[in-house]
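Please open the model in your viewer and keep the selection panel at hand.

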Amino acid sequence: MCEGDGLMGALFESLEIGTLRARNRFVRAATYEGLATDDGRMTPELQAVYKELACGEVGTIIVGYAYVTRDEQPNPRMLGIYDDSFVPAYRAFVDDLHAQGACVVSQIVYGGSATRLDPPSARILGPSSVANPKTGVVPVEATAADLQTLAHAFADAAARAQVAGFDGVELHAAHGYLLSQFLNPLLNRRTDAYGGSLEHRARFLTEVVDAVRDRVGKAFPLIVKLNSSDGVEGGLTESESVEVAKLLEAHGVSAIDVSGNWRSCRTKDYAGEPFFAPYAQRLARELGIPVILTGGNRSFAAMERLAAEGGIAGFGLCRSLICEPRLVRRWRADSNAVPRCVSCNGCSSSPGHRCIVP
């Protein structure tokens, strides 16, 4: 448990998600760095990235996604959590960040046809055998037995995170990975209990949530990262996403982390407000669990207003913290400080996902 520090202002109040108590409402959104070992192990270089964020006074750090099955790695040199041998190193890592005052959440994922591994893993499962429009990968349509195996893999991974001392776990059901593929009618063409209606398309996600809850108990913070919409015609809509969030709340999810089609989030689209703020505010009104808003959080004043008046519990920052790991500390000293990040997305293609702004 990480306690708030009592500073004035809504953004420096404690973020509370179940048993998680963070020192402020700033959240380092999970980010792929590509700095792990080839088999998904923590490295000193990656540890240093996170320690600098903790020293920069980020309240909650959601660690970049970790794959849950040994035979399916979505991206090269991403973190893994697919067997118990990961636990000791993660425990030491989490203890180090706790010592700096940060709460730490493990994000877990199965990539499916969104894989960027070249060549892809040998057997990639999906809701249907439909080519992914971004990667061209055609997955194997998962059987009911496959889905049960995957749900258990997510549950096992969450249990490892709990044993390692993480303050919570986040299921990655956004950005086109497997859990979000089931929600997308363009990729989910099934005619069984896992396809068709929204409730059926959400079934696998809720079954994964149930499996995780069975393993970690009711109190352990469980967050789901969810697209506000898929951002394409025929994909998941905002109204459908709200209904999915309500289903997730009913199944015991502790918070929703709002995201969306992040590849379009560049400076040219930025008008001063976080990208998905209207959706997140709607969600906050209709849910009884905390909502974290990720994407385009650059203005301290806008976030302060959304925290105080819009019902938003936490604010996920990614690129701005890649550019300035100690930005939160700078904001605590001067809330008018302007972030250096210009949302150019150059970090997404740089080695180690480093900032390229001079």
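Predicted model: local features only at pLDDT ≥ 70, side-chain atom pairs only at ≥ 80, totals over all residues.

Residues are numbered from 1 along each chain as its sequence is written, and side-chain values use heavy atoms, without hydrogens or water.

Select Asp 167, in the loop between helix H3 (144-163) and strand S9 (168-173), where helices (H or I, at least four residues) and strands (E, at least two) are DSSP runs numbered from the N terminus. Asp 167 is buried (under 20% relative accessible area, 1.4 Å probe, protein chains only). Show His 98 next, since its side chain makes a polar contact with that of Asp 167 at 2.7 Å (a pair of N or O atoms within 3.5 Å, one able to donate a hydrogen and the other to accept it; residues adjacent in sequence count only if both atoms are side-chain atoms).

Now select Val 49, Leu 321, Ile 322, His 353 and Arg 354, which lie nearest the centre of the second largest pocket among its 13 lining residues. Helix H1 (44-55) and helix H10 (319-323) are the elements that give two or more residues to this lining, and H1 provides the largest share, three residues.

Finally, select Cys 341, Cys 344, Cys 347, Cys 355 and Val 357, the residues nearest the centre of the largest cavity, which is lined by 13 residues. On a 1 Å grid over the protein atoms alone, a cavity is a set of points where a 1.4 Å probe fits but cannot get out, a pocket is an open set with protein on both sides within 12 Å along at least five of seven lines, and lining residues have an atom within 4 Å of a point.

Technical notes
Buried < 20%, exposed > 50% of the residue type's maximum accessible area, 1.4 Å probe, protein only. Lys, Arg positive; Asp, Glu negative; His and termini not counted. Salt bridge = Lys/Arg side-chain N within 4 Å of Asp/Glu carboxyl O.
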